[in-house]
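Hi,

Here is the structure I promised to pass on.

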Amino acid sequence: MTKAITPHELDAVPEVTRLATGERGGVSGARSEADYSPDPKELRDDQVDGPELTARLAKTWGTQKGLIGALSTVDHKVIGRRYIITALFFLFLGGLSAVAMRLQLARPESSLIGPDLYNQLFTMHGTTMMFLFGVPIGEAFAVYLVPLMVGTRNIAFPRLNAFSYYVYLFGGLMIWLAFMLNIGPDVGWFAYVPLSGPEFSPGKRADIWAQMITFTEVAGISVAISVIVTVFKLRAPGMTLDRIPLFVWAELINSFVIIFAMPAVVTASALLLMDRLVGTHIFNPAEGGDALLYQHLFWFFGHPEVYIIFLPATGWVSAIVVTFARRQAFGYIALVLSLIATGFLSFGLWVHHMFTTGLPQLGASFFTASSMLIAIPNGIQIFCWIATLWDGRPVFRTPLLFVIGFFFIFVAGGLSGIMLASVPLDAQVHDTFFVVAHFHYVLIGGNVFPLIGAIYYWFPKFTGRMMNERLGKWHFGLAFIGFNVAFFPMHITGLMGMPRRVYTYLPEMGWGNLNMISTIGAAVFFGSFLLFLYNIVTSARRGPLAGPNPWNAGTLEWASASPPMPQNFDRIPIVTNREPLWAHRDSLPVAAGLSVENREQIVSTVTAGRADLRESTPEPSIWPFLSAVAITILFVGSMFTPWALVWGTPPLALALIGWFWPKAGTEDER
Amino acid sequence: MTKASFQPQDSEELLPHRIVLNVRSMPSYAYGHRSPIWWGTVAFAAAEGMGFAMAIGVYFYLVFINGNWPLSAPPPDLFWPSLFTVVLLVSAWPNARAKRDGEQENLSATRRNLVIMSLAGIVLLVIRIMEFNGLHVRWDQNAYGSAVWLLLGLHTLHLLTDLGDTVVLTVLMFTRHGHGKRFSDVGDNAFYWYFVVASWLPIYLILYWFPRWW
């Protein structure tokens, strides 16, 4: 059954000893239940084949019908789909708040929106885009795609993953409900003290902001850990480190950045809450605290945050470029090393957000240098993508168009970023619309354009149907023009001195025309999203059916059905190449022997990707949902009384025990 | 393969399978780094370790800003935290036993070890309460008090979490579920306890000795 490698056949499957460890489960000298031979009565996938195997596996791995079933699901595709839709929903809410602000700013002395609502609007816009859209959307794609791309059946810790989704959803709903009740936060998306402290922001608005951070960070760190362990331990046999798809690398590095950056913002927001609610003095200079400490903590997270938003996008770009250039990525190793370098360097930039706070000059110079340094790995990536396209035979379908748009917009944003890295220029334009223009070029160029490309690209996998190509091209045209018309003039309004976060301005300032142009651009840009929404809804219902691999792509997610069955693959693929489906066009080499009746998947080794264990993964459970409800009660309650930490803990502990307590009748128990 | 022509596939069919490896006889779980849960525990310890690092950073930032330290309060008492440290360090021994006997899948020894670890956790929690009483500063007195309570509170949270985890696991091992993969969970629980021990040592030095040396 097994083929040996011959020099003529580079993509041949290596011998079994290179695909599996063959080690015992127990430690040496001990008799372990791990090594018991499996129940002979249990059906395994080397005994059935074809449609029967598909149907039986779908039953084993499926999600139960009904509300309880839907809330108990642990299928990474179901949770991933919810994550993506929720993040896009928040993108639209964030976009609507932006449109409202643009309408207000279109004319000088406009009285459409008053200062209080305007403060809430820009806070909600920034907070939503950064915490409820920017971070979750990258993780959402990881939840859906990483298990498929590494050739496994579910994400590691699927219950934790489900839990994280509900926590994220509840946190997002909480802050938007508060906004609708006119207690939305109004202290800016980074909520600097002393403005957000107990003295200047009485009431609950700043608490809502800080507690929303807690929700999203608990969710974000949980997903990051699931993704890391999925990539480390659940890769298909043969997927060595240098055969991991670039998208998966990007999500892996991203998850590491999340794990090390997010504790900083949790510290910042938790200390802010403590200062506000229980009278600590961490940020209170009158009692030995310090307000700038808050900025250090926030930006120690805040700068990596930019890369948390950007890194998944590099993964989307790599996947799209390779597929539509019809060749393997140019400079795979350089691309991976650039991702890692970006991840590390992103932690050394935070002070460039604080150049106007009067820091020592030596410190400022260091952070200028490191801010310029990070342009190097990013530049390497751009050049690798261009080289891939240059040497390939690019096919200009909608996903690739958005990637091309990304090149132009992101590079323009990068250039204004290098300008801002220099302290004198930064001091001049700090808190003006120049900065607003810069970071929208970087964030919309660096995240939203690749995201839209990614949705066009993976939509057939998610839904089984193609999106409309003609509408897609119109969408791209409108988005590209609308974006530039909206944001390019802001460079100039900023240089003319228009500050951020003002709800209106006087006609004598001469900013009226440029603002009107920006508003028109914003309307066009928003219109492009309505077209996008229309395309999504109509294509999901009536689009032409897509086969498993409509783009003729090379990575493993395209080896599953569209949309994928609950088990993803009927048998776990064996990987011999970076683009497995280009290497094996006639038949897919696979591993057999896993249970058909229980949720088993292959656990492999971290570097060589050799099959090591056949471990069972958790069954559906309602407890992660109940735990999320319990933690929501605890978090929301603690904004009103510290005693919520006391009475909120027993229900949470109970839910967690329910979660971890083994159920009778599952594989574990036999 | 490098430059294949682009033709959208209209095929509805998935690729046929060619079986090249059979995993039927592979073990169903393993210990340490071979187990996904171990990596999850490491990742959680990394994220929480980062939280400790941030809190320690806050503490020293405030020392640097203020110059004199501790702020208008005597340094905290040494007796209870030192006793805590000793008991915590001693607990590493039954913890190591728990891990080793778990790997041997020795049920009676594992039960005994887990009971010892649960008791150790409870004793430590009692000492911790005494420790809070000897701080000589409240969290709302000044920034020094806030930072002290922050660090001690953060560690207590970890102590409580691991104690809860250990107690549940202990009960579990006395039920019919106490076999197989649960022994691997015992190892991971022991691993997390090491994290609780290791994260305490710098905090002990910072909270109780640093103000005396400064």
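A:D46 is partly exposed, at 29% relative accessibility (buried means under 20% relative accessible area, exposed over 50%, partly exposed in between, with a 1.4 Å probe and protein chains only). Its salt-bridge partner is B:R24, with the closest N and O atoms 3.0 Å apart; the rule for a salt bridge is a side-chain nitrogen of Lys or Arg within 4 Å of a carboxyl oxygen of Asp or Glu. A:D46 sits in the loop between α1 (16-19) and α2 (50-61) of chain A, and B:R24 in the loop between β1 (17-22) and α1 of chain B, so the pair joins two chains. B:R24 counts as partly exposed too, at 27% relative accessibility. Helices here (H or I, at least four residues) and strands (E, at least two) are DSSP runs, numbered from the N terminus.

Before going further, the ground rules: this is a predicted model, where local features need pLDDT of at least 70, side-chain atom pairs count only at pLDDT 80 or more, and totals for chains, interfaces and linings use all residues. Residues are numbered from 1 along each chain as its sequence is written, chains are lettered from A and ligands numbered from 1 in the order in which they are written, and side-chain values use heavy atoms, with hydrogens and water left out.

Back to the interface. How many salt bridges does the rule find across the interface of chain A and chain B? It finds three. Besides the pair above, B:R34 forms a salt bridge with A:D612, with 2.9 Å between the closest N and O atoms. Chain A puts 102 residues into the contact and chain B 69 residues, where contact means heavy atoms within 4.5 Å. The two chains bury about 7700 Å² between them, 62% of it on carbon and sulfur atoms; buried area is the accessible area (1.4 Å probe) that two parts lose on being put together, summed over both.

Over all chains, the search finds 25 salt bridges. Two that lie within one chain:

- A:E52 with A:R56, at 2.8 Å between the closest N and O atoms. Both residues are in helix α2 of chain A, four residues apart, about one turn of the helix. A:E52 is partly exposed at 41%, and A:R56 is partly exposed at 38%.
- B:R112 with B:D101, at 3.6 Å, N to O. B:R112 lies in helix α3 (residues 107-133) of chain B and B:D101 in helix α2 (residues 79-103) of chain B, so the pair ties together parts that are 11 residues apart in sequence. B:R112 is partly exposed at 40%, whereas B:D101 is buried at 8%.

There is also a network: A:E42, A:R44, A:E600 and A:R614 are joined by salt bridges that share partners.

Now helix packing in chain B. Helix α1 (residues 36-66) and helix α5 (residues 181-213) pack at an angle of about 10 degrees, with their axes 10 Å apart. That makes α1(B) roughly parallel to α5(B). Axes are lines fitted to C-alpha atoms, for helices over the stretch in contact, and angles run from 0 to 180 degrees between N-to-C directions. Angles under 35 degrees count as roughly parallel, over 145 as roughly antiparallel, 65 to 115 as roughly perpendicular and the rest as oblique. By class, this contact has 17 nonpolar, three polar and two charged residues, counting Ala, Val, Leu, Ile, Met, Phe, Trp, Tyr, Cys and Pro as nonpolar, Asp, Glu, Lys and Arg as charged, and the others, Gly among them, as polar. Residues that meet there include B:W38, B:F52 and B:Y59 in α1(B), and B:F191, B:F195 and B:F210 in α5(B).

Last, some buried spots in chain A. The contacts given here leave out residues up to four places away in sequence.

- A:P624, in helix α19 (residues 623-638), is buried at 1% relative accessibility. A:P624 touches A:R159, A:A162, A:F163 and A:W659. A:T73 is 551 residues away from A:P624 in sequence but 9.6 Å away in space, C-alpha to C-alpha.
- A:S222, in helix α7 (residues 205-233), is buried at 4% and touches A:L160 and A:S164.
- A:C384, in helix α12 (residues 375-391), is buried at 5%. Its contacts are A:F330, A:G331, A:A334 and A:L335.

Cheers
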